[in-house]
Amino acid sequence: MLSYFFIFAPAKGSVYPEMLPDYILKTKHKKTNYETYISEGNRLKLNMIDFVQYFKILKSQTPYPLFPSMVHTGVFMESA
């Protein structure tokens with residue numbers, strides 16, 4: 001029998017939203033693709049590994065950043 005697993009990898013903005021620029025945080029967002037995939041995956045009882053939630057848990061338990069070079073990439077530069 002062939003088994004499939006859907007794996008969700010975190011992005012910096014999903015784990016560290018406080019590092020995003022204010023104009024992004026103030027923008028009203030609809031449901032994200034990630035939220036849709038998770039809710040539909042749960043509804044369909046799919047095999048999923050959600051590293052997004054795992055990283056959010058780890059974030060409060062480690063003194064080290066979970067992503068390298070937090071300040072020098074993309075939208076995070078404005079927060080430095």
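Predicted model: local features only at pLDDT ≥ 70, side-chain atom pairs only at ≥ 80, totals over all residues.

User: What makes up the fold, and what counts as a helix or a strand?

Analyst: Helices are DSSP runs of H or I with at least four residues, and strands are runs of E with at least two, numbered from the N terminus. By that rule the protein has 4 helices and 2 strands. Along the sequence they come in the pattern β-α-α-α-β-α.

User: Why is Phe-8 called buried?

Analyst: Buried means under 20% relative accessible area, exposed means over 50%, and partly exposed lies in between (1.4 Å probe, protein chains only). Phe-8 has 13%, so Phe-8 is buried. Of the 80 residues of the protein, 18% count as buried.

User: Why is Tyr-34 placed in another class, partly exposed?

Analyst: Tyr-34 has a relative accessible area of 22%, so the label is partly exposed.

User: How do you know what kind of pair Phe-8 and Tyr-34 form?

Analyst: Rings of Phe, Tyr and Trp (its six-membered ring) pair if their centres lie within 6.5 Å; planes under 30 degrees apart count as stacked, over 60 as edge-to-face, and the rest as tilted. The search of the whole structure finds 6 aromatic pairs. In one of them, the ring centres of Phe-8 and Tyr-34 are 5.9 Å apart and the planes stand at 80°, so this pair is edge-to-face. Phe-8 is in strand S1 (residues 6–8) and Tyr-34 is in helix H3, 26 residues apart, and the pair links these distant parts of the chain.

User: What makes the pair of Phe-55 and Phe-67 tilted?

Analyst: Their centres are 5.8 Å apart, with 50° between the planes, and the pair is tilted. Phe-55 lies in helix H4 and Phe-67 in the segment after H4, so the pair ties together parts 12 residues apart in sequence. Phe-67 has a relative accessible area of 14%, so Phe-67 is buried.

User: Which residues form the aromatic cluster?

Analyst: Tyr-16, Phe-51, Tyr-54, Phe-55 and Phe-67 form one aromatic cluster.

User: How do you know which residues line the largest pocket?

Analyst: A probe the size of a water molecule, rolled over the atoms, shows where empty space is left. On a 1 Å grid over the protein atoms alone, a pocket is an open set of points with protein on both sides within 12 Å along at least five of seven lines, and lining residues have an atom within 4 Å of a point. Those lining the largest pocket include Ala-9, Pro-10, Tyr-34, Glu-35 and Lys-56. Helix H1 (12–15), helix H3 (33–43) and helix H4 (51–59) each give two or more residues to this lining. The largest pocket has a volume of about 180 Å³, where a volume is the space filled by probe spheres set on the points.

User: Where is Lys-45, and why is it called exposed?

Analyst: Lys-45 sits in the loop between H3 and strand S2 (48–50). Its relative accessible area is 73%, so Lys-45 is exposed. Phi of Lys-45 is near 55°, a positive value in a residue other than glycine. Most residues other than glycine have a negative phi.

User: Which residues is Asn-47 in contact with, leaving aside neighbours within four places in sequence?

Analyst: Contact means heavy atoms within 4.5 Å. On that basis Asn-47 is in contact with Tyr-4, Phe-5 and Phe-6. Asn-47 and Phe-6 are 41 residues apart in sequence, and 6.2 Å apart in space, C-alpha to C-alpha. Asn-47 is in the loop between H3 and S2. With a relative accessible area of 38%, Asn-47 is partly exposed.

How values were computed. Residues numbered from 1 in each chain as written. Heavy atoms only, no water. 1 Å grid on protein atoms, 1.4 Å probe; cavity = no way out; pocket = protein on both sides within 12 Å on 5 of 7 lines; lining within 4 Å.
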